[in-house]
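Visitor: I would like to learn how to read a few local features of a protein model, taking them one at a time. Could you guide me through the one shown here?

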Amino acid sequence: MTSRRDFIGAALAATAVQTACATAGAERGELPPSTGPEQTEDECIKVRFLGTGAADWAYAPQDVKIRRRWSSILVDNRFMIDCTQMAAEMLPEGCRPKALLYTHSHPDHYNPGAAVKLGIEHVFAHRSLIEDARRDYEKAVAAVGGRMPVLHPLEIGVRFRLGPYEILPLPANHYADRPHEQALIYKVTKLCRDGAARFLYATDTSGIPSWAFFLGCRRNEPFQVAIIESCGQPGHKFDALSISHNTADRVKEIFTTFLKPGKSAYRPSSPDQPVYLTHVGYGDWGEKTFDEELGPGFKVASDGQEIEVRPSPSAR
């Protein structure tokens, strides 16, 4: 039987191999390993929800009072995580982010044409997607004009720098249509004036895989904000959706057991700060937010909502 020491040693060795591969491939657009985030005088990270809906919101009736666009966020007006035409329409006036991180290539997260129209210059995705993405972007450039962005392949567990941010790609538990593709969760860090501000962006995924938890949920690197998908509403029974997506009940289980606020790597900067639910399904949630069923500590995000990620006292 493999001991815990052997397991951890093997995990660190695997990360070292990934780091060496990333360094060796720098001339191919690959990124050298991060030396840590850059110190800034900013007070926080600002996150804007460009969309909070799952794919089936595209088929919602036109007369719904609340309409959710496909899930995407904008970070400090500098970079996006996932991008579709719906998300592009929610950017603040005059905002033209230059970098884009992909979680995976399902069409409710991935639209190269929309990214080319925005003038995105750098695209980051797991290495399993890069060659397909290169072909997709070449087609998009030919169709809509614009310039071909630089494509950067990412490795799980290998941190990289993007401006003042350090970003850690983590594995998601989600099936993409391309059988070889690995979907990603991201942990984003920025050194603010009063300490390290971090958030976890986990969509699409079913639960948080053990490897992601091992790499990204360490107590000495706490995150203050969690944004996590909840395709299924409270009370959704385990079914085919649950294999590749979260339900609200599973999210609550995650953050009331091994990611208890203040007693784990999740350390909100204020007692009333909720876990933000995104990628909610129209077929399950409709126009409801189920505030009473979710209870304190959990909140469904809304399109256009802006939140701040501030260092917690323990991160200073």
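Visitor: Which residues line the largest cavity?

Guide: Please keep in mind throughout that this is a predicted model. A cavity is a set of points where a 1.4 Å probe fits but cannot get out, and here the count comes to 1 cavity of 30 Å³ or more, with a volume of about 40 Å³. The lining of the largest cavity is made up of Arg 159, Glu 166, Ile 167, Leu 168, Lys 187, Thr 189, Arg 198 and Glu 221.

Visitor: Which elements give two or more residues to that lining, and how does the lining divide into nonpolar, polar and charged residues?

Guide: Strand 8 (165–171) and strand 9 (184–192) each give two or more residues, and the largest share, 3 residues, comes from strand 8. By residue class, the lining of the largest cavity holds 5 charged residues, 2 nonpolar and 1 polar.

Visitor: Turning to the nonpolar core, which residues have the most contacts inside the largest one?

Guide: A nonpolar core joins buried residues through side-chain atoms within 4.5 Å. The largest nonpolar core in this model has 61 residues, and those with the most contacts inside it are Phe 79, Phe 199 and Phe 255. There is also a second, separate core of 26 residues, which includes Met 80, Met 90, Val 116 and Leu 118.

Visitor: What is Phe 199 in contact with, leaving aside its neighbours within four places in sequence?

Guide: Its partners are Ile 45, Val 47, Ile 73, Val 75, Tyr 186, Lys 187, Val 188, Phe 223, Val 225, Ile 227 and Val 309. One of these, Lys 187, also belongs to the lining of the largest cavity.

Visitor: For the backbone, where does a cis peptide bond occur?

Guide: The angle to read is omega, which is about 0° for the cis peptide bond that joins Thr 203 and Asp 204. Asp 204 lies in the loop between strand 10 (195–202) and helix 5 (210–216).

Visitor: What is the phi of Asn 77, and why does Asn 77 count as partly exposed?

Guide: Although Asn 77 is not a glycine, its phi is positive, at about 60°, and the residue lies in the loop between strand 2 (72–75) and strand 3 (79–81). Asn 77 counts as partly exposed because its relative accessibility is 46%.

Visitor: And is His 279, with its positive phi, buried or exposed?

Guide: His 279, a residue other than glycine with phi near 55°, sits in the loop between strand 12 (275–278) and helix 8 (282–285). Its relative accessibility is 2%, and therefore His 279 counts as buried.

Methods:
Residues numbered from 1 in each chain as written. Predicted model: local features only at pLDDT ≥ 70, side-chain atom pairs only at ≥ 80, totals over all residues. Heavy atoms only, no water. 1 Å grid on protein atoms, 1.4 Å probe; cavity = no way out; pocket = protein on both sides within 12 Å on 5 of 7 lines; lining within 4 Å. Points joined across faces, edges and corners; volume = space filled by probe spheres on them. Helix = DSSP H or I, 4+ residues; strand = E, 2+ residues; numbered from the N terminus. Nonpolar A, V, L, I, M, F, W, Y, C, P; charged D, E, K, R; others polar. Buried < 20%, exposed > 50% of the residue type's maximum accessible area, 1.4 Å probe, protein only. Contact = heavy atoms within 4.5 Å.
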